[in-house]
Amino acid sequence: MIRVIGGTILASIVIVTLGLIGIATGGSRSLSSYLTLASILFAIGMFGFLARRNAISMLMSIELMLNAVNLVIIGFASFLPDASANPQTGANPHASGSVIALLVMAVAAAEATVGLSIILAIFRNKKTPLVDEYDAMRQ
Amino acid sequence: MTLPSTVPILGIPWADILFALFAGTMLASGLAVVVMRDIIRCGLAMMVCFGALAGIYVMAGAPLVGAAQVLVYIGAISVLVLFAIMLTQTKTAPTRLAFQTQAIPAAIASVVLVVVVLLAIGSTAWGATADQRATDTSAVATVLFSDWVLPFEVVGVLLLAAVIGGVFLAKRERGKDVLE
């Protein structure tokens with residue numbers, strides 16, 4: 001019980017502290033706040049990819065990095081001036097950002113499918129999900 | 001009775017409070033994904049992170065991307081990851097050592113990266129940024145099926161190839177397990 005309450009309090013403190021980053025960089029109406037959030041998320045994903053031993057953890061970290069890139073795309077698209085429309089079709093530049101983000105999402109889904117099935121295939125041979133025990137090439 | 005447009009005492013707009021809440025949830029659960037030892041909890045924290053990110057997309061004026069985030073990431077990819085976690089958990093696998101020996105250099109590299117990128121963001125003058133505006137979904141549809149129709153079709157082929165490749169790779173080879 002005490003652990004649950006303490007964990008909740010700790011989690012809310014962390015959330016508020018990290019949320020202050022969002023306000024300090026200008027809130028929801030400034031481009032730099034989106035870029036700041038995305039760069040921090042990308043760094044978190046990079047750390048997870050480099051530091052974790054479990055192959056699935058590394059794949060989850062890759063997903064975090066892909067989401068950070070998507071956030072950058074959406075952030076830039078939502079602050080584009082209207083003058084950057086396509087001169088031939090007059091297409092909405094903000095909509096193009098959404099389309100790019102959706103395509104990135106589809107590619108991320110394909111990547112997750114193939115990556116997880118590769119991990120499952122390796123797991124069937126090596127009986128471990130830890131990447132530092134995949135040392136067949138070392139011997 | 002209507003709410004005032006800013007928070008009464010602090011003078012901060014409500015949108016900023018919501019944005020900070022989403023941002024804090026996203027970053028905290030993202031940290032939880034990479035530092036927690038129990039990998040099932042990592043997967044659940046990843047779902048929370050994607051949900052908060054969907055909220056940020058909606059606040060950035062891209063509601064369709066937010067909906068697709070919920071459908072694709074929380075609905076599909078997280079479930080896939082959780083299934084893979086359950087399929088690869090062994091009783092003999094050590095859960096104590098979650099990190100490799102290179103964790104400290106990795107942490108230093110990540111902090112250096114974030115500091116460099118933040119300095120670059122802060123020192124760049126984003127000259128011609130317009131006011132933020134929402135994207136209406138019909139405009140997304142128009143653009144998707146006029147300017148972006150070729151990438152759309154190519155992504156469809158890519159997804160088909162990925163599904164077939166995934167089935168082929170994860171398929172149990174017949175007779176091999178019996179021999180072992």
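Modeller: The expected span of a helix is 1.5 Å times one less than its number of residues. Helices (H or I, at least four residues) and strands (E, at least two) are DSSP runs, numbered from the N terminus. The model is a predicted one, in which local features need pLDDT of at least 70 and side-chain atom pairs count only at pLDDT 80 or more, while totals for chains, interfaces and linings use all residues. Residues are numbered from 1 along each chain as its sequence is written, and chains are lettered from A and ligands numbered from 1 in the order in which they are written.

First, the chains one by one. Chain A has four helices and zero strands, in the order α-α-α-α. Of its 139 residues, 48% are buried; buried means 20 or more other C-beta atoms within 10 Å of the residue's own, exposed means 12 or fewer, and partly exposed is in between, with C-beta atoms placed from the backbone. Chain B has seven helices and zero strands, and 28% of its 180 residues are buried. One of its helices, α4(B) (residues 103–123), has 21 residues and runs 30 Å from first C-alpha to last, close to the 30 Å expected at 1.5 Å a residue. Of the 21 residues of α4(B), one is buried, so this helix lies largely in the open.

Two residues are in contact if their C-beta atoms, placed from the backbone, lie within 7 Å. Within chain B, 52% of the contacts with a separation of 6 or more join residues 24 or more positions apart. For chain A, the share of contacts at least 6 apart in sequence that join residues at least 24 apart is 48%.

Now the part you asked about. The contact between the chains takes 80 residues from chain A and 82 residues from chain B. On the side of chain A, α1 (2–24), α2 (31–51), α3 and α4 each give two or more residues, and α4(A) gives the largest share, 23 residues. By class, this side of chain A has 50 nonpolar, 23 polar and seven charged residues. Ala, Val, Leu, Ile, Met, Phe, Trp, Tyr, Cys and Pro count as nonpolar, Asp, Glu, Lys and Arg as charged, and the others, Gly among them, as polar.

Two helix pairs show how the chains pack. Axes are lines fitted to C-alpha atoms, for helices over the stretch in contact, and angles run from 0 to 180 degrees between N-to-C directions. Helix α4 of chain A (residues 93–126) packs on helix α3 of chain B (residues 63–88) at about 5°, with the axes 11 Å apart. That makes α4(A) and α3(B) roughly parallel; angles under 35 degrees count as such, over 145 as roughly antiparallel, 65 to 115 as roughly perpendicular and the rest as oblique. Among the residues that meet here are A:Ala101, A:Met105, A:Leu116 and A:Phe123 from α4(A), and B:Leu64, B:Val72, B:Leu80 and B:Leu87 from α3(B). The residues of this contact divide into 19 nonpolar, three polar and no charged.

In the second pair, the axes of α3(A) (residues 55–78) and α2(B) (residues 39–59) come within 11 Å and cross at roughly 5°. α3(A) and α2(B) are therefore roughly parallel too. The contact includes A:Ile56, A:Met60, A:Glu63 and A:Leu71 of α3(A), and B:Cys42, B:Met46, B:Phe50 and B:Ile56 of α2(B). Its residues are 13 nonpolar, three polar and one charged.

A nonpolar core is a set of buried Ala, Val, Leu, Ile, Met, Phe, Trp, Tyr and Cys residues joined through C-beta atoms within 7 Å. The largest such core has 72 residues, of which A:Leu41 and B:Ile56 touch the most other members. Helices α1, α2, α3 and α4 of chain A and α1, α2, α3 and α5 (137–144) of chain B each supply at least two residues of this core. Leaving aside neighbours within four places in sequence, A:Leu41 is in contact with residues including A:Leu64, A:Leu71, B:Met26 and B:Leu27.

Finally, a residue from chain B. B:Val34 is in helix α1 (residues 14–35) of chain B. B:Val34 is buried, with 29 other C-beta atoms within 10 Å. Beyond four places in sequence, B:Val34 is in contact with A:Ile44, A:Phe47, A:Gly48, A:Arg52 and A:Ser61.
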